Every structure is written in C-alpha cells, then in structure tokens.
Amino acid sequence: MEQVEMTVKRKAFLEELPKVVEEALKEYGPRLRRIEIVEDEKGCYTVWITYDSDFRPRP
C-alpha cells in the first residue's frame, strides 16, 4: 500500500525554532520525512513538517 505524506504548518520566531523542531521529532518520530523552515520579510518563520500519515483514502 502506498504511503500518504501529510504536511503541517507551524509559525515561530527564531528563538522558538528549536522547540518546534524538538516537538516535531517527538510527535512524528520515524514517520518524519522532512522539516523545512522559511523566513518571511517580518522575521517570522514558517516551519513545514512533512510526515508519513496513517490516513488512508477510501478506494
């Protein structure tokens, strides 16, 4: 069966990034596929967390 990847978005300031990443590691563990951090023009960061989901669409 094909894996379904899901992505969640979190907003954070620079000093909060370590905590956001740590929480993602704890929550998704081995299902975690990637974390992408993007800074906006105001100095805030968007953290995109992609993981393998248990969700399975109906056939």
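Predicted model: local features only at pLDDT ≥ 70, side-chain atom pairs only at ≥ 80, totals over all residues.
## One turn along the helix

Glu22 and Lys26 sit four residues apart in helix α1, so about one helical turn separates them. (Helices, H or I with at least four residues, and strands, E with at least two, are DSSP runs numbered from the N terminus.) These two form a salt bridge, with their closest N and O atoms 3.2 Å apart. The term means a side-chain nitrogen of Lys or Arg within 4 Å of a carboxyl oxygen of Asp or Glu.

Residues are numbered from 1 along each chain as its sequence is written, and side-chain values use heavy atoms, leaving out hydrogens and water.

## Two sides of α1

Which residues of α1 are buried? They are Leu17, Val20, Ala24 and Tyr28. Buried means under 20% relative accessible area, exposed over 50%, and partly exposed in between, using a 1.4 Å probe and protein chains only. The four cover an arc of only 65 degrees around the axis, which puts them on the same side of α1; the arc is that of the directions from the helix axis to the C-beta atoms. An α-helix has 3.6 residues a turn, so residues three or four places apart point the same way.

Over on the other side of α1, Pro18, Lys19 and Lys26 are exposed.

## An aromatic pair

The structure holds one aromatic pair. Tyr28 and Tyr51 are stacked, 4.1 Å centre to centre with 20 degrees between the planes. (Rings of Phe, Tyr and Trp, using its six-membered ring, pair if their centres lie within 6.5 Å; planes under 30 degrees apart are stacked, over 60 edge-to-face, the rest tilted.) Tyr28 lies in helix α1 and Tyr51 in strand β3, so the pair ties together parts 23 residues apart in sequence. Tyr28 is buried at 7%, and Tyr51 counts as buried at 12%.

Asp52 and Arg33 meet in another salt bridge, 2.6 Å from N to O. Asp52 lies in strand β3 and Arg33 in strand β2, so this pair ties together parts 19 residues apart in sequence. Asp52 is buried at 7%, whereas Arg33 is partly exposed at 42%.
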